[in-house]
Amino acid sequence: MTILSHNRAKLDKYIEEFKLTHVQDYLYRTTKQGIRSIKTGKTDYTKPGLSRVGGDPDLPAQIEWPLTEDDTPMAFLAQLNLSELTASDENNWLPKTGMLLFFLGVDEPAYNIEHKVLFLNETEIAAAVRRESPEETALEDTFEGYAVQARPSLEPPNYAYADYELIEDTDDEDVTFDEYEDFLNAIQEPEQGEYDVFQMFGYPAGQHDDAEYEAALMLLAGKEYDYKMANALKHIIAAVGGDQAKAEQEIADTLLLLELESDSDVGFCWWDAGALQFFIRKEDLLAERFDRTYCSLYSS
């Protein structure tokens, strides 16, 4: 991925500040452009269609509340008005208008979680009104609604995806992985005292660099992951007609559509304060096929 020139300049600034010039080329190759968001206060229900996390969704009357396979109402998690994200989408991947709404079934087990992503067009948004969440949902939790404010972000490889040996291979004894994590926290530039409640694109949180393998395996081959990347690649190769290069590109193009962090204000707590992650193939994102997504959960 080629990052925009102003982001290259920003990356250079932080590389210099955190003494990472020895991995400059590596960071040029691996840093992605994403979107992050903080909460800005309680949501405003008097203006339908505003982006929010938690609370209740805005839906037109003709759209039914998503249900699980056993007809239990899913829990509403977030709605993102895409016109509010356009300025932050430096990849130019998201639709310029419309709204995404995210719903969740039972979050156990942590893989292939039942969920629903709805996409509303402008006409449907105009007809949308607040729809109160059912008293009982699959999660048996209620979430407080918060407004959000998005910003473009730079996403170098995180704990799960970074090359530790390369980063620490320097004569400067001050450069350790702890210092690299300070670099990550600085370059993502959250507001002072604030924590991001969601991320789009970039690298998913985790312990291992295989989340895209898991998602691509289900989306392309309809198979659950056995935590062996080689086996996943084999099945994905078969699913794309035996073309290994195409399979590897499909994995690379499996994108983190949304990562929702645990947040005590909203009431999100994904297992042991982990993160809930939605993935989509780049091809499906560009085609606005939000019915083809994968959901999993990371917790330490």
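This is a predicted model: local features need pLDDT of at least 70, side-chain atom pairs count only at pLDDT 80 or more; totals for chains, interfaces and linings use all residues.
**Entry: helix α6**

I started with helix α6, residues 211-221. Nine of its eleven residues are buried, so the helix is largely enclosed by the rest of the structure. I listed the buried ones: Ala211, Glu212, Tyr213, Glu214, Ala215, Ala216, Leu217, Met218 and Leu219.

What covers them? I found helices α7 (229-239) and α8 (244-252) among the cover, along with strands β10 (254-261), β11 (275-281) and β12 (293-298). Just after α6, I noted that Gly222 has a positive phi of about 65°.

**Entry: Glu214**

Glu214 is buried yet has no salt bridge. I looked for the nearest side chain of opposite charge and got Lys228, 15 Å away. Then I checked what Glu214 does touch, skipping residues up to four places away in sequence: Tyr111, Asn112, Tyr225, Tyr294 and Ser296.

Nonpolar side chains tend to be buried together in soluble globular proteins. The largest nonpolar core here has 38 residues, and Val53, Leu77, Phe102, Met200 and Leu276 touch the most other members. I traced where the members come from: β4 (75-81), β5 (99-104), β8 (146-155), β9 (196-200), β10, β11 and β12 each supply at least two residues.

**Entry: α1 against α5**

I then looked at helix α1 (residues 5-17) and helix α5 (residues 177-187). Their axes come within 10 Å and cross at roughly 145°. I noted the crossing of α1 and α5 as right-handed. Which residues meet there? On the α1 side they are Lys10, Leu11, Tyr14 and Ile15, and on the α5 side Phe183, Ala186 and Ile187.

**Entry: salt bridges**

I searched the whole structure and came away with 13 salt bridges. One joins Asp196 to Arg36, with the closest N and O atoms 3.2 Å apart. That pair links distant parts of the chain, 160 residues apart, with Asp196 in strand β9 and Arg36 in strand β1 (residues 32-42). Asp196 has 15% relative accessibility, so it counts as buried. Arg36 counts as buried too, at 11%.

Arg281 and Glu250 form another, with closest N and O atoms 2.9 Å apart. Arg281 is in strand β11 and Glu250 in helix α8, 31 residues apart. Are they buried or exposed? Arg281 is buried at 6% relative accessibility, and Glu250 is buried at 10%. I also saw that Glu250 and Arg281 belong to a network of salt bridges with Glu283, Asp284 and Arg292.

Then there is the bridge between Arg289 and Asp291, at 2.9 Å from N to O. Arg289 is partly exposed at 36% relative accessibility, while Asp291 is exposed at 53%.

**Entry: Gly49**

I looked up Gly49, in the loop between β1 and β2 (52-53). Its relative accessibility is 3%, so Gly49 counts as buried. Setting aside neighbours within four places in sequence, I found Gly49 in contact with Asp58, Gln79, Asn81, Glu84, Met99 and Ile125.

Most residues other than glycine have a negative phi, and most peptide bonds are trans. The peptide bond from Glu108 to Pro109 is cis, with omega near -5°. Pro109 lies in the loop between β5 and β6 (115-120).

Phe201 has a positive phi, near 65°, and sits in the loop between β9 and α6. Phe201 is buried, at 1% relative accessible area. Trp271 also has a positive phi, near 55°, and I placed it in the loop between β10 and β11. Trp271 is partly exposed, with a relative accessible area of 42%.

Terms used
Residues are numbered from 1 along each chain as its sequence is written. Side-chain values use heavy atoms; hydrogens and water are left out. Buried means under 20% relative accessible area, exposed over 50%, partly exposed in between (1.4 Å probe, protein chains only). Helices (H or I, at least four residues) and strands (E, at least two) are DSSP runs, numbered from the N terminus. Contact means heavy atoms within 4.5 Å. A nonpolar core is a set of buried Ala, Val, Leu, Ile, Met, Phe, Trp, Tyr and Cys residues joined through side-chain atoms within 4.5 Å. Lys and Arg count as positive and Asp and Glu as negative; His and the chain ends are not counted. A salt bridge is a side-chain nitrogen of Lys or Arg within 4 Å of a carboxyl oxygen of Asp or Glu. Axes are lines fitted to C-alpha atoms, for helices over the stretch in contact, and angles run from 0 to 180 degrees between N-to-C directions. A crossing is left-handed if the near helix is turned anticlockwise from the far one by less than a right angle, and right-handed if clockwise.
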